[in-house]
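Hi there,

Here is the structure I promised to pass on. My notes on what turned up in it follow below.

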Amino acid sequence: MNKTTLVIMAAGIGSRYGGGIKQLEKVGPSGEIIMDYSIYDAIEAGFSKVVFIIRHDLEKDFKEIIGSRIEKQIEVEYVYQELDKLPAGFTKPEDRTKPWGTGQAVLCCKGVVNEPFAVINADDYYGKEAFVKVQDFLKNVDTYNKENEFCMAGFVLGNTLSDNGIVTRGVCNVVESGYLSHVEETFGIERQGDVAVGKDGNGNPVTITLDSSVSMNMWGFIPNFLQELEAGFVDFLQGLDENNTKAEYLLPNVVGKMVSEDRAKVKVLRTDDKWFGVTYKEDKQLVVDSILDLIAQGKYPNKLF
């Protein structure tokens, strides 16, 4: 049975959130942040290590507010996502200020993560079921399988919408065997009666059933994937238009490309838990209320750690 690691992407500060580091917003009755609930669920599910992806300028606050508490619960390591952390032969464009994206973030774990691992966003609440299912997959996966079998938590679209604005979601096309065929990045999604409406990558209107599976960036990978990320990042940088200072190397795109080339299979692990996160400032109260409701149901103690 494999040891497993939880990788938490915490290097980004939410541009839509309107000031403040949204990953560090207190939402629990004892000052907990969303990340604390993910870590609690991961420990309960059987993960044995947490790796935080942060930026050097966040390090002091991050370790004081989060690391010092979490290190008492589980083994913790840190890796750093920086704009100038690039493969040999590449330098950061002078006017580049936007991070390189989730693909580069996870690539920063190379050399630190050598076991099957899950990846999540710091500012999303995923629910207990997703952690149990991903952990169950990872502990039984062939760690260095040549098949490149990964997994992804598939959330019900209707359980991931915000009442305070439109959202972007990766809508999953899942074949009968439960594997991912492709992810359609869909923008401006909002509920409209019994369905959701949004726009595809070309700006065309689309209607999506509320029962559709969507990706919320909760993945399960084997260590080989980090080598794929490394090779893919070189290709991404080589193909970059020098005037494009905002293009990102994104995890779903890397996985999608591997799937389309028959170089990977992704098992979609359907979860019915309600996802929530702080996309907009108005979302915070909903998160606070949702956490209190879960505590009332006995799913969490009043004080986590």
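**The second largest pocket**

Helix α5 gives the largest share of the lining of the second largest pocket, 5 residues. Before going further: this is a predicted model, where local features need pLDDT of at least 70 and side-chain atom pairs count only at pLDDT 80 or more, while totals for chains, interfaces and linings use all residues. Residues are numbered from 1 along each chain as its sequence is written, and side-chain values use heavy atoms, with hydrogens and water left out.

Helices (H or I, at least four residues) and strands (E, at least two) are DSSP runs, numbered from the N terminus. Pockets and cavities come from a 1 Å grid over the protein atoms alone: a cavity is a set of points where a 1.4 Å probe fits but cannot get out, a pocket is an open set with protein on both sides within 12 Å along at least five of seven lines, and lining residues have an atom within 4 Å of a point. Grid points are joined across faces, edges and corners, and a volume is the space filled by probe spheres set on the points.

The second largest pocket holds about 230 Å³ of space. It has 13 lining residues, and Gly232, Tyr249, Asn253, Val254 and Lys257 are the closest to its centre. Two or more lining residues come from each of α5 and α6 (251–260).

In α6, the buried residues (under 20% relative accessible area; exposed is over 50%, partly exposed in between, with a 1.4 Å probe and protein chains only) are Leu251, Val254, Val255, Met258 and Val259. They cover an arc (of the directions from the helix axis to the C-beta atoms) of only 135°, which puts them on the same side of α6. Exposed Asn253 and Ser260 sit on the face turned away from that buried side. After α6 comes aspartate 262, with a positive phi near 55°.

**The cores**

A nonpolar core here is a set of buried Ala, Val, Leu, Ile, Met, Phe, Trp, Tyr and Cys residues joined through side-chain atoms within 4.5 Å. The largest one has 83 residues, of which Met35, Phe52 and Phe225 touch the most other members. Its largest share, 6 residues, comes from helix α5 (residues 224–238). Apart from it lies another core of 14 residues, including Tyr40, Phe276, Ile291 and Leu294.

In α2, the buried residues are Phe62, Ile66, Gly67 and Ile70. Seen down the helix axis, they fall within an arc of 90°, so they line one face of α2. Among the elements covering them are α1 (34–45), β2 (49–54) and β3 (75–80).

Lysine 63 also belongs to α2 (residues 59–70). Is lysine 63 buried, exposed or partly exposed? Its relative accessible area is 31%, so lysine 63 is partly exposed. Leaving aside neighbours within four places in sequence, lysine 63 is in contact (heavy atoms within 4.5 Å) with Ser68, Tyr78 and Tyr80.

**The cavities**

The whole structure has 2 cavities of 30 Å³ or more. About 60 Å³ of space lies in the largest cavity. Its lining is made of Leu161, Ser162, Lys274, Trp275, Phe276, Gly277, Thr279, Asp283 and Leu286. β13 (276–277) and α7 (283–296) are the elements that give two or more residues to that lining.
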